[in-house]
Amino acid sequence: MTPPAAPQAHEHPQPAPAPGVLGYYESPIPIRRATLGDAVASEWTKIRSVRSTMWTLGVMIVLMVAIGLMSALLVTAADGDLDGVPVVSLGFFGVLLGSICVITLGVLTIGSEYSTGMIRTTLTACPSRARVLTAKAIVFSLVTFVITTVTATVVAACQTVILGGGVDPGEVWLRVTVGVGLYMAGLGLVSLAVGAIVRHSAGAITIMIAVVLLPLVLALFMFADSLRGLQRFLFEYSIPNQLAGLYGTGVTETSPSGWEPLLVIVGTAAVAMGAAFLALEQRDV
């Protein structure tokens with residue numbers, strides 16, 4: 001038996017499209033304008049999926065806990081008297097070193113995208129540069145605030161138990177936990193802004209470390225009487241002394257105390273972020 005012949009192409013012609021009409025694909029996914037919430041979700045995915053976040057914040061936690069507990073144990077072993085200084089003030093040393101980690105992560109949050117060229121993809125997906133920087137600032141500051149506040153609270157509680165003293169006043173606890181968390185978040189925003197302006201991770205980190213340490217170092221070598229006013233200013237408004245002010249242990253009698261250091265860093269962060277927004281809008285990628 002002879003098999004049936006295969007149908008020829010001309011036996012079943014395809015209908016020709018109407019003149020002037022092209023075929024197209026219609027996605028079932030609804031199309032809508034991107035919002036700030038979308039940018040925040042994107043930045044949250046980025047910051048929690050890169051190793052730099054785990055390493056820098058992990059090192060910060062270790063420094064805050066280890067140095068805070070070690071200082072309390074050393075005071076206990078030496079039978080030292082804090083002479084009216086709050087017990088929780090010993091957490092200052094760990095926070096000061098941990099601030100270097102916050103500075104590093106703040107710069108890397110945007111600087112790493114410039115070094116790898118990923119910033120082009122980010123701005124293609126979200127052309128609004130102000131929205132991108134705002135999303136980075138929101139995510140980074142919240143992560144820094146939460147982790148710093150929780151760690152500072154744990155350290156303060158452990159120091160109180162180790163030293164066996166009475167519980168410090170509530171305002172002191174609020175400053176060394178929530179206040180320190182807000183201060184570190186503000187310092188991180190300054191670092192983020194410098195990273196956006198400089199667009200080079202190593203350079204921006206170097207600048208920020210100089211901002212933290214250089215005023216204090218310069219003040220130590222100002223011996224001339226004519227420089228006493230400048231020396232006092234550098235001492236009082238250096239970042240280490242402002243952090244010490246939150247703990248109630250400033251180096252001078254007129255050092256910022258109470259909530260004043262927090263107001264200073266908030267103002268500094270606002271100015272730095274304003275400059276970063278302007279630089280991002282004015283310059284090409």
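This section describes the fold, the salt bridges and selected local features of a predicted model.

The protein chain contains 10 helices and zero strands. Read from the N terminus, its elements run α-α-α-α-α-α-α-α-α-α. Of its 285 residues, 41% count as buried.

Helix H5 covers residues 129–163. With 35 residues at 1.5 Å a residue, H5 should span 51 Å, and the distance between its end C-alpha atoms is 50 Å, so the two values agree. Gly164 follows H5 and has a positive phi, near 65°. A positive phi, about 65°, is also found at Arg199, although Arg199 is not a glycine. This arginine is placed in the loop between helix H6 (170–198) and H7. Arg199 has a relative accessible area of 19% and is therefore classed as buried, the cut-off being under 20%.

Side chains of opposite charge can pair when their charged atoms come close. The salt-bridge count comes to four. One of these pairs is formed by the side chains of Lys136 and Glu43, with an N to O distance of 3.0 Å. Lys136 belongs to helix H5 and Glu43 to helix H1 (residues 36–49), so this pair ties together parts that are 93 residues apart in sequence.

Because Glu113 lies in helix H3 (residues 92–116) and Lys46 in helix H1, the pair links parts that are 67 residues apart in sequence. Glu113 is buried, with a relative accessible area of 5%. Glu113 has a further salt bridge to Lys136, in which the closest N and O atoms are 2.4 Å apart. Here the partners lie in H3 (Glu113) and H5 (Lys136), so parts 23 residues apart in sequence are tied together. Lys136 and Glu113 are both buried. Through shared partners, the salt bridges join Glu43, Lys46, Glu113 and Lys136 into one network.

Gln242 is located in helix H9 (residues 239–246). The residue is buried, with a relative accessible area of 4%. Its side chain reaches the backbone oxygen of Tyr237 at 2.9 Å. When residues up to four places away in sequence are not counted, Gln242 touches Tyr183, Glu236, Tyr237, Pro261, Val264 and Ile265. One of these contacts, Glu236, is found in helix H8 (residues 228–237). Glu236 is buried as well, with a relative accessible area of 9%. The C-alpha atoms of Glu236 and Ala219 are 9.9 Å apart in space, while the two residues are 17 apart in sequence.

A nonpolar patch on the surface is formed by Leu213, Leu214, Val217, Leu218, Leu220, Phe221 and Phe223. Together these residues have about 710 Å² of accessible area. Among them, Leu218 is placed in helix H7 (residues 201–220). Leu218 has a relative accessible area of 42% and is therefore partly exposed. An α-helix has 3.6 residues a turn, so residues three or four places apart point the same way.

Methods. Residues are numbered from 1 along each chain as its sequence is written. This is a predicted model: local features need pLDDT of at least 70, side-chain atom pairs count only at pLDDT 80 or more; totals for chains, interfaces and linings use all residues. Side-chain values use heavy atoms; hydrogens and water are left out. Patches are made of residues with over 30% relative accessible area and no salt bridge: like charges are joined within 9 Å, nonpolar side chains (Val, Leu, Ile, Met, Phe, Trp, Tyr) within 5 Å. Accessible areas come from the Shrake-Rupley method with a 1.4 Å probe; for residues, only the protein chains shown count as cover. Helices (H or I, at least four residues) and strands (E, at least two) are DSSP runs, numbered from the N terminus. Buried means under 20% relative accessible area, exposed over 50%, partly exposed in between (1.4 Å probe, protein chains only). The expected span of a helix is 1.5 Å times one less than its number of residues. A polar contact is a pair of N or O atoms within 3.5 Å; within protein, one must be able to donate a hydrogen and the other to accept it, and residues adjacent in sequence count only if both atoms are side-chain atoms. Contact means heavy atoms within 4.5 Å.
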